[in-house]
Protein chains: 2
Amino acid sequence: MPSLNDVMKDWKNPVEMLRNSRAGMYVYPVVTPEFENWRNEQAAWRNGAVLFDQSHHMDELIVEGPQATEFLAYHGINGFGNFDLNRAKHYVPVTPNGHVIGDHIIFREREDKYVLVGRAPTSNWLMFCAAYGNWNVRIKYDPRSPSRPEGERVLRTHYRYQIQGPLAPAIFEKMNGGPVPDIKFFHVDWINVGNKKVQALRHGMSGAPGLEIWGPYEDKSYILNTILEAAKDAGVDIVRCGSRAYSTNTLESGWIPSPLPGIYTGDGMLAEYREWLGSDMYEAAGAIGGSFVSDNIEDYYVNPFELGYGFYIGWKKDDFIGKEALTKMKDAPTNRKKVTFEWNKEDVLKVISSAFEEGTPYKWIDFPQPNYASSSADMVMHGDKMVGMSMFNGYSWNERCLLSLGVVDSSVEVGDVLTMKWGEPDDTAKTSAEPHKQAEIRVRVSPTPYSSEARENYADSWRTKAA
Amino acid sequence: MPSLNDVMKDWKNPVEMLRNSRAGMYVYPVVTPEFENWRNEQAAWRNGAVLFDQSHHMDELIVEGPQATEFLAYHGINGFGNFDLNRAKHYVPVTPNGHVIGDHIIFREREDKYVLVGRAPTSNWLMFCAAYGNWNVRIKYDPRSPSRPEGERVLRTHYRYQIQGPLAPAIFEKMNGGPVPDIKFFHVDWINVGNKKVQALRHGMSGAPGLEIWGPYEDKSYILNTILEAAKDAGVDIVRCGSRAYSTNTLESGWIPSPLPGIYTGDGMLAEYREWLGSDMYEAAGAIGGSFVSDNIEDYYVNPFELGYGFYIGWKKDDFIGKEALTKMKDAPTNRKKVTFEWNKEDVLKVISSAFEEGTPYKWIDFPQPNYASSSADMVMHGDKMVGMSMFNGYSWNERCLLSLGVVDSSVEVGDVLTMKWGEPDDTAKTSAEPHKQAEIRVRVSPTPYSSEARENYADSWRTKAA
């Protein structure tokens with residue numbers, strides 16, 4: 001099989017390669033599109049209780065062995081000093097040049113064993129690094145489920161469920177057969193689910209309490225039914241979340257799932273990585289979608305400061321990949337900052353309206369998830385100047401608006417109204433996009449995470465008035 | 001298990017039972033939501049070549065034995081005189097009272113063997129009838145695939161693929177290894193697909209040629225790949241159609257998939273049928289959705305004349321179930337007629353716009369398939385008078401509009417602009433609908449099947465002008 005490096009040679013530049021990917025939509029696979037309907041499912045995490053089936057959409061990597069801790073600490077930016085057995089971390093590896101590769105949630109199961117969960121760029125990078133650096137670690141890799149199983153059976157190593165929402169705690173107590181331990185945010189403890197002891201991570205979205213639980217995949221049906229029974233016993237109408245609503249939960253919580261891994265440039269270790277990566281892997285087969293088209297793929301990279309991960313950095317660690325680069329990047333005036341963009345209603349309706357008119361319409365905004373690539377990059381303009389990049393979008397029924405997450409220049413302030421270019425300037429080979437023309441959509445810069453409090457305090461200038 | 005009759009006793013009337021169904025969306029199951037994107041997939045059947053995977057969404061019934069022909073002829077309205085081995089029919093059973101139960105596509109495979117494909121109401125009815133009438137037939141029943149397999153394997157008796165579109169013939173020739181026989185519409189012949197001999201039904205949508213092929217499910221992967229290779233050899237970019245686009249193809253072709261089976265009232269055989277039907281079956285677990293709420297479930301029934309099936313009726317047959325009732329219904333002035341409703345763009349945008357405003361919005365119009373029940377019934381009004389019922393809706397990228405199929409009083413003319421009530425007047429227990437208020441959407445009465453020719457000839461009054 002050709003390597004990423006081989007495939008890149010067929011293209012003028014890697015941007016062109018990724019913009020013409022025919023991989024199709026990056027989906028939340030296997031899980032049914034809607035259990036109820038995506039509006040109710042979104043409402044459930046805000047106002048009730050929601051059940052996310054997270055068993056299928058992420059890679060899982062088990063890293064164990066005598067050097068497991070040392071290996072992971074060296075390849076992530078995070079401090080590891082406080083990484084006790086009952087903790088989880090949001091683990092972020094960067095390249096030697098300081099660019100984000102991706103991120104995983106990492107659980108420490110034993111002194112010498114970690115479970116990592118997340119998108120492929122981090123899994124692939126760590127598998128390469130283990131071999132490249134000759135580390136004494138064993139890695140077990142369980143890739144995400146197929147995007148289009150078409151009726152074939154899908155198996156994973158672990159099931160993974162998350163229960164969220166203001167009414168969730170009543171369910172936890174019934175599941176556990178008594179009060180659940182008071183687990184701190186991103187800490188792990190054991191709870192009962194019927195006759196099983198399972199690990200539970202305290203998670204949270206929009207301030208609502210939540211637990212993520214996991215265990216052997218063969219227990220999935222038992223666990224699911226025990227949760228549903230517990231909800232019934234608790235008198236809570238738990239709503240199972242389908243694949244259409246799922247990915248939009250991040251708009252309200254503020255996590256960007258899809259930064260482009262910064263691995264297409266750079267020499268040494270990065271050049272060897274591109275020889276290691278196969279042409280069927282995320283980095284070669286994935287897609288860039290959006291209005292931002294640059295010949296220089298580095299223009300799509302982000303660094304940890306820009307995503308708000310600066311405070312993760314374990315500066316006290318002797319060394320880790322990217323430390324030197326990050327030291328230089330810290331407090332650089334060129335660093336952008338993460339924000340939420342609120343899309344202007346009138347402009348959105350103009351785009352939708354074009355789907356009822358003759359001629360080439362604007363790029364269709366699919367609800368609730370308009371993204372059409374594994375990494376999105378839409379230009380955000382102040383006049384003629386690009387001042388930001390919109391990286392992940394979705395409609396929120398809870399907020400009654402389209403939102404996107406992205407980064408803006410440091411000069412941009414919350415409350416600024418900017419213009420996003422929506423749709424691609426040219427026809428690509430992407431199967432996930434229909435023929436379209438570009439639109440301009442005004443976006444109001446908002447804090448991340450986005451909250452209705454923030455919206456209500458400053459957004460009355462255009463959201464609540466007709467244009 | 002309780003019968004339908006038992007369940008009906010728990011409700012004031014069967015309308016209330018069905019309006020409060022918690023079965024969720026009636027979906028096209030197993031097949032991936034989008035292979036490319038639903039806009040391109042719709043465009044493919046109009047302008048290119050599309051591949052429908054019809055292996056999962058319909059029941060299949062095999063009826064064989066010495067009385068197979070007699071049994072089917074007695075329980076369907078269709079003439080059977082010309083039913084040769086190489087033919088298919090659109091088979092329609094009605095109740096003794098002449099109300100449509102459903103419809104299947106029926107293939108005659110042998111003198112004494114028929115394969116029927118379609119929704120559950122017809123399968124259930126025929127299974128009941130075989131026992132009720134003591135017929136010498138053997139019935140094999142393969143129900144549609146589960147709506148939410150969630151990663152479990154799904155198997156059927158047969159795979160079933162359909163290839164449609166103006167570029168389809170080039171693919172057929174490559175599949176067959178030479179010119180395909182000139183099969184007449186709704187006739188069947190044998191063609192080659194690679195090393196397999198398969199049966200092919202000549203089908204057609206919007207005038208474009210098409211073939212439906214089927215065979216043992218274990219051949220599915222071989223057949224799929226042979227079709228894709230044939231398309232490649234023919235230089236045709238065949239587009240696989242996902243579940244989101246699939247159900248909308250009927251808007252352009254004019255078939256109403258979802259009439260409510262007229263089995264909730266009537267005595268004798270019908271009363272016994274309600275005792276036979278289980279509480280988990282389509283008739284008890286399905287849903288009515290839409291603005292039309294009547295205490296009398298017969299108001300939701302349709303007869304074959306209203307759906308345009310009058311010319312199927314085999315009047316020369318000695319007897320068949322419903323013959324007497326249909327004789328009386330024929331040419332009755334109360335018979336409605338099937339039409340297509342074109343939804344007014346401005347009113348649709350008003351509905352969508354409400355999802356960006358505070359308060360309770362109008363019923364969300366989900367794209368491309370807004371239906372939220374197994375049977376839809378939206379009131380179509382002329383002033384204060386209900387003059388029609390919208391029964392199946394969808395957005396057509398090809399026509400750039402929302403369309404629905406339904407029936408109107410005989411006084412209504414093509415070109416009339418009526419008002420559809422969109423959304424339900426009250427909150428029901430339906431999980432497929434979010435809280436909403438009702439909207440009025442103007443609809444223009446159009447012919448069925450809808451065609452762009454028709455549209456262009458008369459619709460310039462409002463479609464091409466801003467309101």
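Visitor: Is R160(A) buried or exposed?

Guide: Burial is judged here by relative accessible area, where buried means under 20%, exposed over 50% and partly exposed in between, taken with a 1.4 Å probe on protein chains only. At 3% relative accessibility, R160(A) therefore counts as buried.

Visitor: What pLDDT do local features need in this model?

Guide: Residues are numbered from 1 along each chain as its sequence is written, while chains are lettered from A and ligands numbered from 1 in the order in which they are written. Because this is a predicted model, side-chain values use heavy atoms without hydrogens or water, totals for chains, interfaces and linings use all residues, side-chain atom pairs count only at pLDDT 80 or more, and local features need pLDDT of at least 70.

Visitor: How many residues apart are R160(A) and E60(A), whose pair links distant parts of the chain?

Guide: The side chains of R160(A) and E60(A) meet in a salt bridge of 3.0 Å, N to O, the term standing for a side-chain nitrogen of Lys or Arg within 4 Å of a carboxyl oxygen of Asp or Glu. R160(A) belongs to strand 7 (residues 158–164) of chain A and E60(A) to strand 2 (residues 59–64), and the two are 100 residues apart. Strands (E, at least two residues) and helices (H or I, at least four) are DSSP runs numbered from the N terminus.

Visitor: Which residue forms a salt bridge with D347(A)?

Guide: The side chain of D347(A) meets that of R442(A) in a salt bridge of 2.9 Å, N to O. D347(A) lies in helix 13 (residues 345–353) of chain A and its partner in strand 19, so the pair ties together parts that are 95 residues apart in sequence.

Visitor: Which residue of chain A forms a salt bridge with E434(B)?

Guide: The closest N and O atoms of E434(B) and R39(A) are 2.7 Å apart in a salt bridge. E434(B) lies in the loop between strand 18 (417–422) and strand 19 (439–446) of chain B and R39(A) in helix 3 of chain A, so the pair joins two chains. E434(B) is buried, with a relative accessible area of 2%, and the residue it meets in chain A is R39(A).

Visitor: How many residues of helix 3 of chain A are buried?

Guide: This helix spans residues 38–47 and is described as mostly covered. Among its buried residues are W38(A), R39(A), N40(A) and W45(A). Of the 10 residues in the helix, the number buried is eight.

Visitor: What area do chain B and chain A bury between them?

Guide: Contact, meaning heavy atoms within 4.5 Å, brings together 53 residues of chain B and 53 residues of chain A. Buried area is the accessible area (1.4 Å probe) that two parts lose on being put together, summed over both. For these chains 49% of that area is on carbon and sulfur atoms, and its total is about 4500 Å².

Visitor: Which residue of chain B comes closest to the rotation axis?

Guide: With copies superposed by least squares on the C-alpha atoms of residues with pLDDT of at least 70 in both, a rotation of 180 degrees with 0.0 Å of shift along its axis places chain B on chain A at an RMSD of 0.0 Å. That is the relation of a two-fold axis. The residue of chain B that comes closest to this axis, with its C-alpha at 2.1 Å, is R153(B).
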